[in-house]
Amino acid sequence: MSQDSQHGKWTISDKRKPDKITTFFKQEPKLSPKCNEDTHSVNHPSAPSMGSEARTATHVNQTNPVKYESNPSPSVKRKRETEEAGWNLSSSDDETPTSALKNEPKKSKVSPKRKKTEDKRPPSPHGTSYYKEEPADFFETNLLSMNDMYRFYLNKVTGIPKKFNTGALHIKEILSPMFGTLKESAQFNYCFDIPWMVEQYPPEFRDKPVILVHGEKRESKARLIEHAKPYPHICFCQAKLDIAFGTHHTKMMLLWYEEGFRVIILTSNLIRADWYQKTQGMWMSPLYPRLPEGSPETAGESPTNFKRDLLEYLEAYQAPELAEWIDRIKQHDLSETRVYLIGSTPGRYQGPAMEKWGHLRLRKLLSEHTKPVQNEEQWHVLGQFSSIGSMGLDKTKWLAAEFQRTLTTLGKPGKSLVYPSVENVRTSLEGCPAGGSLPYSIQTAQKQLWLHSYFHGWHADVTGRSNAMPHIKTYMRVSPDFTQLAWFLVTSANLSKAAWGTLEKNNTQIMVRSYELGVLYLPSAFSTFVFRSHTRRVICPCCQGRS
């Protein structure tokens, strides 16, 4: 792209020829300026860009009311983004000046203009006939191809060779009788398309109780409830978001069966576009059996303390609606879990509580459960995500001062951020609308041009997903020849301070804005020194190099 455009200065493909790092979990495509003009220009993807007609129906003005109004102030724009909890999947702009917050009430006179966008919303660029029904052989019919050791799975992608979908999972399969006789479920997520979600349950489970844990407020909350009216088996739990500009970004399923209980931590929203032609990932727990009656509270714990950490995460919601689910988890045996839970919950934490959430939680686990590797300084740290937040005028403000220190617990490494280029997005299965799932505002990008030196392009040749733009978020440390991994994390957390937390008060306090959740794979939990891949490319240890 030409030098006269600021866009060209922050798009990898035009600034420099990136090294080709092939991985099945690379960072999500960066929202290209051109695609951004076709969709939206703020920190959230629009319904059109995500290609979901359901978004048009369920969130009439959650995309970007500012785009269709006359030049409101930045503080008003950002206030609306937060209040609506629309589609800003990253909640990345987390550096609003205090003065802006103080002035917000005075700007409320602009709010009546919001009605202009409630009547009609731009149509989806994908069109109403974009989605195709998959043939029966698209779905798994048995568990023979499932990866029982690592329990990590990609989502199925429409439009790629069938061999690359073998062993991957679609939401219809996750909710099918193949994994258990469902009695009740809880869906934690950021975006919901309720009619579509209900259709993903098989007919025999379609009226089983479901609780939706969300972060919607005001008009968007009212719309969510309105669209659930035809489904009396659905109820709600609103996550508390007491710190400005935070979101409920966690993506998790709790599934209660006649046979036991299961946890799924994933990267997909509950909308059709996220399960169609994007690269997504998930960890699916084993089927947890019920403990014998009278078992002590400490029973059923795993070596990774997963049960304790999951209960602590759910208790952080302080929601009576989740009390029954907390009791159910206590009644089940989670001892077979081999991953560590890493969550974020909104709040300001001091003392020992600082290491419970966000990147300090990751730092603590890496320091306690990993060992030095040979030539560790040459091992790369790779980060991959679908959104980039505001990190300051230079890397010392947060990225290197806090986050990179966490990721480099084993020693100083090379660092890379894998994020699709404009060309990646344009040539993807979805085309330019895929950029709507990769929010990174021009305003933020222009303030941190120093970040460009970290970027590498998106390639996922081993798993056939080079053209399936990633909404998956992964972080890992790999050997110089890309054949070994020291650790691997799949999470909902993008590259933002809102998601990972930022230190305050001379590093004596950490402040976290959003709810996030992920699982960390450490070799020690699998009785090995490192994870090994079957190829010289960077792949997930859980895939075993499958192609």
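A: A salt bridge is a side-chain nitrogen of Lys or Arg within 4 Å of a carboxyl oxygen of Asp or Glu. This is a predicted model, in which local features need pLDDT of at least 70 and side-chain atom pairs count only at pLDDT 80 or more, while totals for chains, interfaces and linings use all residues. Residues are numbered from 1 along each chain as its sequence is written, and side-chain values use heavy atoms, leaving out hydrogens and water.

Q: What makes the pair Lys278 and Glu430 a salt bridge?
A: The N to O distance between their side chains is 2.9 Å. This lies within the 4 Å limit, so the pair qualifies. Lys278 is in the loop between E6 and E7, and Glu430 is in the loop between helix H16 (422–426) and helix H17 (442–447), 152 residues apart.

Q: Why is Lys278 called buried?
A: Buried means under 20% relative accessible area, exposed means over 50%, and partly exposed lies in between (1.4 Å probe, protein chains only). Lys278 has a relative accessible area of 2%, and therefore counts as buried.

Q: Why do Glu226 and Lys229 fall into the classes they do?
A: Glu226 has 43% relative accessibility, so the residue is partly exposed. Lys229 reaches 59% and is therefore exposed. Their side chains meet in a salt bridge at 3.0 Å, N to O.

Q: How do you know that Asp309 and Arg361 form a salt bridge, and which parts does the pair tie together?
A: The closest N and O atoms of Asp309 and Arg361 are 2.7 Å apart. Asp309 lies in helix H12 and Arg361 in helix H14 (residues 358–369), so parts 52 residues apart in sequence are tied together. Each residue has a relative accessibility of 7%, so Asp309 is buried and Arg361 is buried too.

Q: How many salt bridges does a search of the whole structure find?
A: The search finds 16. Glu140, Lys156 and Glu173 are linked in a network of them.

Q: What is the strand order of the open sheet, and which are its edge strands?
A: The 7 strands follow the order E1-E7-E6-E5-E2-E3-E4, with mixed pairing. Strand E1 (152–154) and strand E4 (234–238) are the edge strands, as each pairs on one side only.

Q: What makes a set of residues a nonpolar core?
A: The set consists of buried Ala, Val, Leu, Ile, Met, Phe, Trp, Tyr and Cys residues joined through side-chain atoms within 4.5 Å. The largest such core has 96 residues, and Met252 is among those with the most contacts inside it. Strand E14 (residues 484–491) gives the most to this core, with 6 residues. A second, separate core of 30 residues includes Val210 and Met282.

Q: Which residues does Met252 contact beyond its neighbours within four places in sequence?
A: Contact means heavy atoms within 4.5 Å. Among its partners are Phe188, Ile265, Leu310 and Leu517.

Note on methods. Helix = DSSP H or I, 4+ residues; strand = E, 2+ residues; numbered from the N terminus. Pairing = 2+ DSSP bridges.
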